[in-house]
Every structure is written in C-alpha cells, then in structure tokens.
Amino acid sequence: MIVLKVVLVSRDKDYIRAWLDYVQRSSFGSHMRFIAFSEWEAFSSYMLEQAEREMPDLLVAEPDFLNPWLLNGGEHSGVSWLLLSEGQDEGPETKQLMKYQPLPVLLEAVRNACRQPQSRSSARSGRNTLSIAVVSASGGSGKTAVSLHLAKQLGLAGYSVLYLNLETMDSSFPFLEKGFRQSNKTLTDAETGLSRLLYDLKARRREVSGGRVQVQRSEQGRESSGRVTAKGVKEQGGRSTGACSGLPDDAITTGKIKAVEAYVMRHETLKSDVFWPLANRKEMLQMSKTDTADLIRFLVGCGQYEVLILDGDSSWDERSEGVLENADTFVWLVRDDLAAMHRWGQWLQHADRTRPEMLGSVLERTYFVINEHREQLLNSLPRADLHVDAVLPYIPSWKQLNQEEVMLSSPIFQREVKRLCDLLLQSEEEERRRTGHIHSAELWI
C-alpha cells in the first residue's frame, strides 16, 4: 500500500497538534504520514537529510518557513508545496492553502496536492517515433473514440501518424469504413495488409541467420505539411523515405520485409495511416507477446511515423502485455462510476502482486484520464498516490451515432483532445531536452 509523506511546518504548536490528532483518528491516517516542525533549524536539517534519501511528497508550510526554504534551493528540489496562508500572502492562488478551514477540507486539499501531475519518464532511448497506447481496465471506457481523436488531431497538427487497433473485437470499423472505401488501394491489398505484415514478421523470425532485417525503401513519401507542430518537436510533418533501421537485433532475423506503405492505407478523414481491421479474429487472439513486440518495433523503427497510436484491449493477455512493455506513453482511460473504479483498483492490485516491476514502469509513463466527465469527480480513486491528469467530456449526441463524421467532428471533444495532445507532447519535449535530443459535522481549528 502506498503511504504519502507530508511535512507540515507552523510556529503554532496547537495548530500542529490539531492536524496530527485528527489524522490519527480519521481515514487519512491509513495512507498519509505527517512529519511536523515548529522550529526552522529542525525543519531545515530534516530537509537537507532527506535530499540524500527520499524527499517527501508534499511540503505544507507557513511563509516564514516556506520562503527561506525556496530561496535556499527548495524550488529546484522537485518537492510539491503549499503555502499555509491567512489570506494576505502574495503568490499563485493554486499554491495557497487557507490556514483556517474544516480539518477534512484541509486534509483533502493536501491529498489532492500530492496527486498533482508529475513529469513522465520515457522508454524511447532516442527513437524518433513516439508510441502512445490508449488502455483501460474496463471495456466501454471509450478507448477507440479517444484513440481516433488523438490520431486525427495530431495528423491535423502536421505529424505523420499511424493508428493501429489491437482490440480483440475491433470497434473502429464503423467510424472508418467510408474512408476505407475511398482509399486508392486495391481492396485485396487493403484488407490483407495487417495479416501479411504479421505473417512476414513471424516468417522472418523463424529463419535462422545472423543478418538484420532489410526493409525495402519507400518509393514515395507523402509531402510534409511544412508546419511547426504543436510543441515544436519537429518542424516538418510527413514521412521519411529511407530504409527502416531501428529494429533490435534479437527481435526479427534476416530476410526482406516490404516498406510499410505496402501494408497500410491512408485515411483522409482521420488524417492518418491505418490498417484495415483483421477479418479473422483468430489472428488477433493468437498474437503472442513477441508478435506484438515485433509489430510495434517494426512500426516504430521504420522511420515513417512521428506518432504511433495503439488502441489497446482491456483484457489481460499476451497481446496486452506486449503493449504494456513496448509503448512509450500510456493514456489510461477511466469512467467515473463505481464499477469502473473497482476494476481499476483490482487491476492495480493484481499487477502489484504479480508484476510489481512492470507496474512501476507503466505508472511512470501513464497519464490517467477521466472519460465522459460531468462537472465533478464523484467516485474516489482506488489508490492515494494516483491522480487525474486530464478529463474528456461526455457527449450525449454520440449515443445516437449513425455517421462516422459525427463522432470525429465534435468541437467540444476535439478541444479537450487538443489539450491532451499538448500534455503528451509537452512531456515528450521535456524528455527530449533532458536527454539532450533537443536543447458533514466538521472539526474546525
């Protein structure tokens, strides 16, 4: 169980005692641990010691303590903080916590502050393609709708995007069918693209040789949009026309695999490349973790795309494990209802018992998003260390969809998805800079 560590600093010892007494006999005590100080010397020494160990999740302090700490390097320590204010202090309101409030309100504010979004790590190792997996612990959470909107908005922003549906039962076809039919690719080539690629990858892996996969050069690449993208990660959208060279040596062995254009098709409404959904569900059911990993590595390594959108499944199988182990970033969707929150908690408990290292790695790369959000969050999150990074609105008109354009053209939903894209790409920009790739009866106090 995760226990949040909070440092409380105030000159008023009675004030501190009221906090601690309430925490000990409330539900907050099971997942929050407070360390309190009323003297500057003891507080300062403690924070210096923690700099070499494990810093607290949050500092809550009066101005006489907080301001000197910030000036002496605390601002760059990475510790979240709140200013205990009596209403006359300067500074951003979002960082101020009014000192005299009901204790349950104060403790809830502290817990929410501990959940503030942190920068995410990346598993990319310098690759040029960002793979974003949209996943959930519950079916019906809106993974496909969000995935399609992410692909479209990134495509409109000038990125070269590939959308890949990895659901056992593909739900994207009703929204993409018209665009499929309008493609200039022959029907046979289009319908068998993903099947042929899976077969080619598996066949090459079976061959025994020390050579690396050779991928045919693209005969033509789509023209760049020439626009600066949302966060300036790349100044040119569009495709590369070089050979694929990013596959790991142990993923697939020798032989020739065709250029990615031989397998995919362009969907103009989505502004992205797509695969025609598999006609034989057994092919998807039989995909192993290795098959999934090879597929993702091929699409990431071929150098044709800046963003790969993976529409994941909610089941726990080898295909899902392949996605969890190989995607760079996750958008984890949750609906604000009791059953969905329970399933989310059960998934986390199971992963914590069986695959703790994998879970830790996934959480470091995950953005939690409430889908179909309506004004306020009604249900508690399953763990104290979790936080909501973004929300997407409920669109009532989607319940009566009869045309694909309706779902892909909601102005309200598009606006919020653009914000989500900014969040994902801003974190990506920070990672690239960091790695050098670019420079009730209420108790009152």
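**Close-up views of a predicted model**

**View 1. Lys271 occupies the loop between strand E10 (265-267) and strand E11 (272-274).** The structure shown here and in the following views is a predicted model. Most residues other than glycine have a negative phi. Lys271, although not a glycine, has a positive phi of about 60°. Its relative accessible area is 30%, so Lys271 is classed as partly exposed.

**View 2. Glu372 is a residue of strand E14 (residues 366-373).** The backbone of Glu372 also shows a positive phi, of about 60°, although the residue is not a glycine. Glu372 is partly exposed, because its relative accessibility is 22%.

**View 3. Gln96 in strand E5 (residues 96-98) is joined to Ser85 by a polar contact.** The contact runs from the side chain of Gln96 to the side chain of Ser85, at 3.2 Å. The relative accessibility of Gln96 is 19%, and the residue therefore counts as buried, the limit being under 20%.

**View 4. Arg266 forms salt bridges with Glu268 and with Asp273.** Side chains of opposite charge can pair when their charged atoms come close. In the bridge between Glu268 and Arg266, the N to O distance is 3.8 Å. In the bridge between Arg266 and Asp273, the closest N and O atoms are 3.5 Å apart. Glu268 is partly exposed, with a relative accessible area of 48%, and Arg266 is partly exposed at 24%. Asp273, by contrast, has a relative accessible area of 0% and is therefore buried.

**View 5. A salt bridge links the side chains of Arg319 and Asp317.** The N to O distance in this pair is 3.6 Å. Arg319 counts as buried because its relative accessibility is 3%, whereas Asp317, at 23%, counts as partly exposed. Elsewhere, salt bridges with shared partners connect Lys202, Arg205, Asp291 and Asp294 in one network. The structure contains 18 salt bridges.

**View 6. Helix H8 spans residues 193-206.** The helix has 14 residues, and the distance from its first C-alpha to its last is 20 Å. This span is close to the 20 Å expected at 1.5 Å a residue. An α-helix has 3.6 residues a turn, so residues three or four places apart point the same way. The buried residues of H8 include Leu194, Leu197, Leu198 and Leu201. Gly193, Ser195, Asp200, Ala203 and Arg204 are also among the buried residues of this helix.

**View 7. The largest nonpolar core has 45 residues.** The members that touch the most other members are Leu164, Leu197, Phe275, Leu295, Leu299, Leu310 and Trp344. One of them, Leu197, is also among the buried residues of helix H8. When neighbours within four places in sequence are left aside, the contacts of Leu310 include Leu164, Leu166, Ile296, Val323 and Ala327. Another core, of 38 residues, lies apart from the largest one. Among the residues of this other core are Leu270, Trp276, Ile309 and Tyr367.

How values were computed
Residues numbered from 1 in each chain as written. Predicted model: local features only at pLDDT ≥ 70, side-chain atom pairs only at ≥ 80, totals over all residues. Heavy atoms only, no water. Helix = DSSP H or I, 4+ residues; strand = E, 2+ residues; numbered from the N terminus. Buried < 20%, exposed > 50% of the residue type's maximum accessible area, 1.4 Å probe, protein only. Polar contact = N/O pair within 3.5 Å; in protein donor to acceptor, adjacent residues only side chain to side chain. Salt bridge = Lys/Arg side-chain N within 4 Å of Asp/Glu carboxyl O. Expected span 1.5 Å × (residues − 1). Core = buried A, V, L, I, M, F, W, Y, C linked by side-chain atoms within 4.5 Å. Contact = heavy atoms within 4.5 Å.
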